[in-house]
Amino acid sequence: MRLFILAVGHKMPGWIETAFAEYAKRMPPELRIELKEIKPEQRSNSRTAETVMAAEAQRIDAALPRGCRFVCLDERGQDLTTMRLAQSLTAWQQDGRDVAFVIGGADGLDPALKARADTLIRLSSLTLPHGMVRVLLAEQLYRAWSINANHPYHRV
């Protein structure tokens, strides 16, 4: 099973790329994290946020792996604890499908795209920079795996 992070945005600072790569490389071979960057739509005064999100949704759709479990990160999504994420990760592994986590652009995610998602989750009640969300999600996926594997990374 693979974990995909589809993130609208590109040209992240080096420290974001380094931090993301650190957690991604820690994952075991049977549970790899792959990042797919989605090019953000050009914004202008003549385009509404809805138009921009719809265009980005088309790019996200094109990048989603076939048959995957589709999880959108959204501020109104389910608030998970790390332990609950670990339980979800176990269930997803038993299901056997790849899992794709989608991080929207500056305007968020298209409502129609979110309506099709298997799950909506939020990482924090705080507003976070999109690059930081990549790192935080990768770290939490690694932590969830470490809990399930009884690895000493997570201490209770």
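Visitor: Is L123 buried, partly exposed or exposed?
Guide: This is a predicted model, and the values are computed from it. Buried means under 20% relative accessible area, and exposed means over 50%. L123 falls in between, so L123 counts as partly exposed, at 28%.

Visitor: Where is L123 found?
Guide: Strand β5 covers 119-122 and helix α5 covers 130-148. L123 is in the loop between β5 and α5.

Visitor: Which residues does L123 touch, not counting residues up to four places away in sequence?
Guide: Contact means heavy atoms within 4.5 Å. With those sequence neighbours left out, the residues touched by L123 are L73, V133, L136 and L137.

Visitor: Which residues does the UniProt annotation "binding site" cover?
Guide: The annotation comes from an unreviewed UniProt entry.

Visitor: Is L126 buried or exposed?
Guide: L126 has its place in the loop between β5 and α5. The cut-off for exposed is over 50%. L126 has 63% relative accessibility, so L126 counts as exposed.

Visitor: How many of the residues of α5 are buried?
Guide: Helix α5 has 19 residues. The helix is largely enclosed by the rest of the structure, because the buried residues number 15 of the 19.

Visitor: How far does α5 reach from its first C-alpha to its last?
Guide: At 1.5 Å a residue, 27 Å is expected for α5. The model comes close to that, with a reach of 27 Å.

Visitor: Which residue just after α5 takes a positive phi?
Guide: The phi in question is about 55°. The residue that takes it is N150.

Visitor: Which residues are buried in α1, and where do they sit around the axis?
Guide: The buried residues of α1 are I16, A19, F20, Y23 and A24. They cover an arc of only 130° around the axis, which puts them on the same side of α1.

Visitor: Which residues are exposed on the other side of α1, and what covers the buried ones?
Guide: W15, T18 and K25 are exposed on the other side of α1. The cover over the buried residues of α1 includes β1 (2-8), β2 (32-38) and α5.

Visitor: How far apart are the end C-alpha atoms of α1?
Guide: Helix α1 has 13 residues, 14-26. At 1.5 Å a residue they should span 18 Å. The model agrees, with the end C-alpha atoms apart by 19 Å.

Visitor: What separates the C-alpha atoms of P40 and G9?
Guide: P40 has its place in the loop between β2 and α2 (49-63). P40 is in contact with V8, G9, H10, E56 and R59, leaving aside neighbours within four places in sequence. P40 and G9 are 31 residues apart along the chain, and their C-alpha atoms are separated by 5.4 Å.

Visitor: How many disulfides does a search of the whole structure find?
Guide: A disulfide needs cysteine sulfur atoms within 2.5 Å. For C68, the nearest cysteine sulfur is that of C72, 10 Å away. C72 is in no disulfide either. The number of disulfides found in the whole structure is zero.

How values were computed: Residues numbered from 1 in each chain as written. Predicted model: local features only at pLDDT ≥ 70, side-chain atom pairs only at ≥ 80, totals over all residues. Heavy atoms only, no water. UniProt positions renumbered as here; feature names shortened; annotations may be inferred. Helix = DSSP H or I, 4+ residues; strand = E, 2+ residues; numbered from the N terminus. Buried < 20%, exposed > 50% of the residue type's maximum accessible area, 1.4 Å probe, protein only. Expected span 1.5 Å × (residues − 1). Arc of directions from axis to C-beta.
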